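I opened the notebook to record, step by step, what I looked up in this structure.

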Amino acid sequence: MQPQDSSAVEYIGNLLLSGLAGANIVLLSLDKYKAAANHFQFLEDCIASYSQELSKRGKKPYIIPPGGASPVGEWGYISAFDEMIQQGILDQFDDIVVAGGTISTAFGLAISNYLTGSKLNHAYQHSQYYWSGFGSQLWHQGCSWNDL
């Protein structure tokens, strides 16, 4: 894995927050990402490669998949949803609208909505690829489409 020059990168949003938190930011080739047949798999392979490099240096990396799409990541969304309920934030809205990436946000909000008995509506921008991942995430959490 060859890190890219970061001198032209604008540090805003998540990238800014990661840098402020002290993260070691490694940029990947945009050209290689665009050329990859499966972008998600490309990212997973890069993360695994970098993790192996760190292990060889005596580090103990913890891998967070793209988008945080893991049971641990999903519990983070559930915890955040519960916190918004406790603070009364969700009482102010009827709908939650998000853009889909790795489907983690959509899954986390939908399963949180179900587990808390909330009746908020959800709107997602998505692709069929991610909806199949959504079903897989449900299965890993012990649920099915019928539960929602």
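I began with the lining of the largest pocket and found that H3 gives the most to it, with seven residues. I noted that helices are DSSP runs of H or I with at least four residues, numbered from the N terminus. This is a predicted model, in which local features need pLDDT of at least 70, side-chain atom pairs count only at pLDDT 80 or more, and totals for chains, interfaces and linings use all residues. Residues are numbered from 1 along each chain as its sequence is written, and side-chain values use heavy atoms, with hydrogens and water left out.

I then listed the lining, which has 28 residues, with Ser 18, Ile 25, Val 26, Ile 47 and Ile 64 nearest the centre of the pocket. Helix H1 (13–20) and helix H3 (39–56) are the elements that give two or more residues to this lining. A pocket, I wrote down, is an open set of points on a 1 Å grid over the protein atoms alone, where a 1.4 Å probe fits, with protein on both sides within 12 Å along at least five of seven lines, and lining residues have an atom within 4 Å of a point.

Next I turned to a pair of helices. The axes of helix H4 (residues 71–86) and helix H5 (residues 104–116) come within 8 Å and cross at roughly 55°, the axes being lines fitted to C-alpha atoms over the stretch in contact, with angles from 0 to 180 degrees between N-to-C directions. Among the residues in contact (heavy atoms within 4.5 Å), I noted Tyr 77 and Phe 81 in H4, and Phe 107 and Leu 115 in H5. By class, this contact of H4 with H5 has eight nonpolar, six polar and one charged residues, where Ala, Val, Leu, Ile, Met, Phe, Trp, Tyr, Cys and Pro count as nonpolar, Asp, Glu, Lys and Arg as charged, and the others, Gly among them, as polar.
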